[in-house]
Amino acid sequence: RTTMSVEDPLAALERRLIEEFLALRGFNRGSIARLPASDAALLLGAACEYASLRLAEIESRAHYVDEIHKST
């Protein structure tokens, strides 16, 4: 019997956006683990905020495109 993981469809994209944010600043998940806890928390907080804003932008654009297609 195979168990499939049910995941929020946007979770993988959110993780990728966080990784992108970290990479643009010269970090990855492994390297932030070596930072002082307070610095790592600030960096991860900023990465999560970045990902959240980008997801909102992506969802907004998708909704806009959907509305355009419905009106034609």
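Arg61 is exposed, with a relative accessible area of 55%; here exposed means over 50%, buried means under 20%, and partly exposed is what lies in between (1.4 Å probe, protein chains only).

Before we go on, a word on what you're looking at. This is a predicted model, where local features need pLDDT of at least 70 and side-chain atom pairs count only at pLDDT 80 or more, while totals for chains, interfaces and linings use all residues. Residues are numbered from 1 along each chain as its sequence is written, and side-chain values use heavy atoms, with hydrogens and water left out.

Back to our pair. Glu57 and Arg61 both sit in helix α3, four residues apart, or about one turn of the helix. (Helices are DSSP runs of H or I with at least four residues, strands are runs of E with at least two, and both are numbered from the N terminus.) An α-helix has 3.6 residues a turn, so residues three or four places apart point the same way.

How many salt bridges are there by this rule? The count comes to four. One of them links Glu20 with Arg54, their closest N and O atoms being 3.9 Å apart. Glu20 belongs to helix α1 and Arg54 to helix α3, so this pair ties together parts that are 34 residues apart in sequence. Glu20 is partly exposed at 27% relative accessibility, and Arg54 is partly exposed with a relative accessible area of 27%.

Helix α1 has a pair of its own as well. Glu19 forms a salt bridge with Arg16, with 4.0 Å between the closest N and O atoms. They're three residues apart in α1, about one turn of the helix. Glu19 is partly exposed at 35%, and so is Arg16 at 49%.

Now for helix α3 as a whole. It runs over residues 37–71, 35 residues in total, and reaches 51 Å from its first C-alpha to its last. That's close to the expected 51 Å, a span worked out as 1.5 Å times one less than the number of residues. Which residues of α3 are buried? They are Ala40, Leu43, Ala47, Ala51 and Leu55. These buried residues pack against α1 (11–24) and α2 (29–32), where contact means heavy atoms within 4.5 Å.

Key: A salt bridge is a side-chain nitrogen of Lys or Arg within 4 Å of a carboxyl oxygen of Asp or Glu.
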